[in-house]
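Please walk me through this structure. I would like to start with its sheet and then move on to its nonpolar cores.

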Amino acid sequence: MDNKFNRSVRIFLSSTFRDFAAERNLLQSKVFPEIKHAMAKKGIDVTDVDLRWGVNESESQGGMALRICLDEIDKARPWKGGQVPKNSVARKTAEVISHRVFFVGMLGERYGWVPAEADNAYQDLLEDHDWLKPYQHQKSVTELEILHGVLENPDMAGHARFYFRDPNYAAAQKEDFFRESEPERVAQLNELKDKIRMSKFEVCENYRDPEAFAEQFKKDILEVLEAEFKDVTPPTKTEQEDMDHESYARPRRTLYLGGDDYRKWLDAAVAKGHRRLLIEGQSGGGKSALIANWLHDYRTNNPNDWVFEHYCGLGDDAADPVKLVMRLCQFIKAKTNFPDELKSDPQEILVSLRQWLFNAQFVAEKQNCRLVIALDAVNSLRGEFADMRWWPGDIGDKIPLVRVVASSLPGEVMAAIKPKDAWQSLTVVPLDITTSRELFVQYLDQYRKNPDDDLLALIFDGDHAAGRAGMLSNPLFVRTLAEELRVLAPPPDLPEVPDSPGTHIKLWLRSHIEHYLTCKTVPDLFEMVLARIEAYLGEGGVARMQSALASIWVSRAGLAESEVRGIVGTQLGLDKNDLPQNHWSVIRYNLGEGLMAVTDGRLKFSHDYLKSAVQSRYLDGGDKRLVHDQRVIVAQWFEAQPVTARSADEIPFQWQEAEEWERLRFVLTVQAVVVELLKVKSGDDNLLLLSYWLAVEKHLGVNIEEQYQTAWNRWYGKDGHAESGFVNLLQIFLKHAGRYGEFTLFLARLYNQQMEAEFGPDHPDTANSLNQLAIALRVNPENYDKAEILHRRALEIYENSCGFDHPKAADTLVLLAPFVLAKGNSVEQTKDLLRRALIIREKFGSNNLSAARTYLSYAGFMNMIAEWDIAETYYLRALAIYEMILGPYHPETLSCHNGIIKMMYDKDDKTNIEKSLRRIIEIREVQLGVNHPLTIRSNDDLATILLEQNRDEEALYLIERILLSFELSNGKEHPFTQRFRRKRDRVRDSLEGKPKYFV
């Protein structure tokens, strides 16, 4: 077996029942969480098989109990070459050699229950297990487990350990069930222990109490597992991603009930040639399980087809559209062996998907196969590309061998993708009560837990069940309820009911079921889960749970385990300012799938039900003060750590959400934080940093450029040396923020000097710095001549060093064109420059942002010379690219809309212009702020429209706002400020009855 993917372990626990309740409880609540946590880091999945309850009243009376135990061993053990008993669970569930098994035997002073002579079930068991015949009615169930699982199974060498408890522990107990009193049973127990001692299996003798056992067990098992998996090949990044998605799908493929009709529908839709299938339905209703199960069957029935399986709910990386598309392109590249290189720029990655789908179609046609792309929970996508505008929805007829299956909740993503192509919709409806009951029973049956019918009736029958129909129709609720009952452990001192063996367990279970059924909603059930884990943690459990889970709740995109432990330890003043690993493991693994680990190690809630329960239980339903205080704690903890991309991602977010504006202002001028934030999205698209500053400006009335000029003096003083890369990023950011003052110009000049000093006057990097300086200069009309000279010099450098058809030359031609046009009768020269830029750009592809920017410039020029048909063509080309790559609300997309509006105005086609302009202004004020040049430009355009409609008072209001913006950002003497002051005065004069004249 390939051990790269053989990463599943089952640990079978064997002992007498009642006298080992304390040990088993410790294993469940403390030890196994730590073991699972440690092995999960290696990708090892550990399952404990604990039969401490689950044998119901009827089964406990005979051979059925033994059958359950032996079948569970058969299910776990690594059978080889046809040795599987004919009716064993291993054969029925096809789990042969699918995992590795470890057997743990615990013995004290009890020999255990021996099946009675009159037991008919025992006779039935002998037909499947011939080896039992010599032992029938003589050996206890515990000894038979040990014989069957270990002593008579040579394959278990190195995979079994035994623990013998110190007899003094039993002698000190008041309950007589801790010790055998019959001499015959004492002799059998001693004989069994001697037999184990003489075997090749390791024995821990005379551990003093359950706590000592727990420590020794943890140490031993971790050593065994480390040795067992020492040669496991570390997966590659691609393999790890595949394993992550497979791990997400695997539990959803178990116990999937009620979905046969849905699977048949999907099969039929694919067979009929439908290329876009959309699965809809309520949260927690089984959409992910449907996809996981259908894909598993589809692969089996169509082994030649290519299946790409992606679960957006897996974590942040999986919910990142760029990383999703990169993974899909890598998958297609591996299947097709196309030599094309994968892109690295996020926008180019998204644009390249179209070509990779064509590549897949080309090869699939030759190999007579199909590509099935399954995207689960696309509503979970996050970031600026979250609405799937990058999906090439216009090529469905051109790639007939590609099938896309997506699931989504209603919302922005579903609304965006539905119009793009013809989607066939399938709605997953809630479970009916019969299916819910079957799901519950089968879930517990996996662990050999079999509640009686009257206990099931308590949940699923009668009027009380009808009142819970909404919850019982939710598979997540049913599975969680079953899991809660599975992990319950009866206390060792639970008194038996006289003359009714086993009834005490039944009554105990009933009381817990009644407790869980008091919940009114699915989040209520998860609150009960949280309460159970608090009890596991003991003293201080509530505070530790509150700190850990509330911190995850307020985090920007989840927290790493080390971050959670550090925050909790610091908040609660724990030793070494760290939550103990064993406490965290209890939380982490008792929450199970409720906490989801993303690939960078951060943990987040995997569904809103748990998130809602945490909000209710630990944040008083979202109390503003509690949330604020938790945000402050998280921010301060990160501020105490070295500045990294991770801390720079979290700190400003927490201060902004906490509305601590002065703290946010300060952190945005900490150089190390600024460096990390500028790296996030450098160039023209640093909206994250700008969004923080806009909030600060709004609440504190400060100016971004002035803040950075003050910070610059603090960072470098008079003689400090600034790294050129940082200078460039900062000056680009300030220009993107619409700040073109003296400090921005200083940075542009400094960067140009640095490039010339480092590379010389004729290097392409120097040319780039010349263009950047020209952009800073050209804002002021008095500097037009200087800016033109710099652009021409940059063009000369690019043409000489990179060639006349280099993309950088095209960019510079576009920058230069307005200067040529401004020199009087130079329309043809300007047209030649822009046409040349178009030719260069289209040589390198016509569906990228650089091409769109060139199209936009060319469209604006053609509009200026009244070539409106050509202008409209290029405006629409640019708009299609902007919307696909950047989305409908990005500033550049809005600039394109603004150009189209101007064209409509120039053509005297003014229908709906005002409405469109007001919508653009509304979006720009939110994204860029009221003082940004693009916001001002749109307000000026609207003011012009209003003046032409004789709505002078409304226009004056806008012009006053524009004037105030220029005074705040550029000063009272700036040429633009003076221009709008004159315009304001003229509008005022017009309102006093004087002649109208506007510039």
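**Sheet and cores**

An open sheet is built from five strands, ordered β2-β1-β3-β4-β5, with parallel pairing. This is a predicted model, in which local features need pLDDT of at least 70 and side-chain atom pairs count only at pLDDT 80 or more, while totals for chains, interfaces and linings use all residues. Residues are numbered from 1 along each chain as its sequence is written, and side-chain values use heavy atoms, with hydrogens and water left out. Strands (E, at least two residues) and helices (H or I, at least four) are DSSP runs numbered from the N terminus; two strands pair if DSSP finds at least two bridges between them.

At the edges lie β2 (45–49) and β5 (202–207), each pairing on one side only. From one strand to the next the twist averages 20°; angles run from 0 to 180 degrees between N-to-C directions, with axes fitted to C-alpha atoms, for helices over the stretch in contact. Five bridges join β1 (residues 8–14) to β2 in the parallel sense, and S8 stands opposite D45 in β2. Helix α8 (residues 210–228) packs on the sheet and touches β1, β2, β3 (100–107), β4 (160–165) and β5. Contact means heavy atoms within 4.5 Å. The direction of α8 makes about 160° with that of β3.

The largest nonpolar core has 108 residues, of which F440, L549, I587, Y708, W712 and L730 touch the most other members. Such a core is a set of buried Ala, Val, Leu, Ile, Met, Phe, Trp, Tyr and Cys residues joined through side-chain atoms within 4.5 Å, where buried means under 20% relative accessible area (1.4 Å probe, protein chains only). Helix α21 (residues 522–537) gives this core its largest share, nine residues. A second, separate core of 90 residues includes F331, V378, A787 and L816.

Note on methods. Buried means under 20% relative accessible area, exposed over 50%, partly exposed in between (1.4 Å probe, protein chains only).
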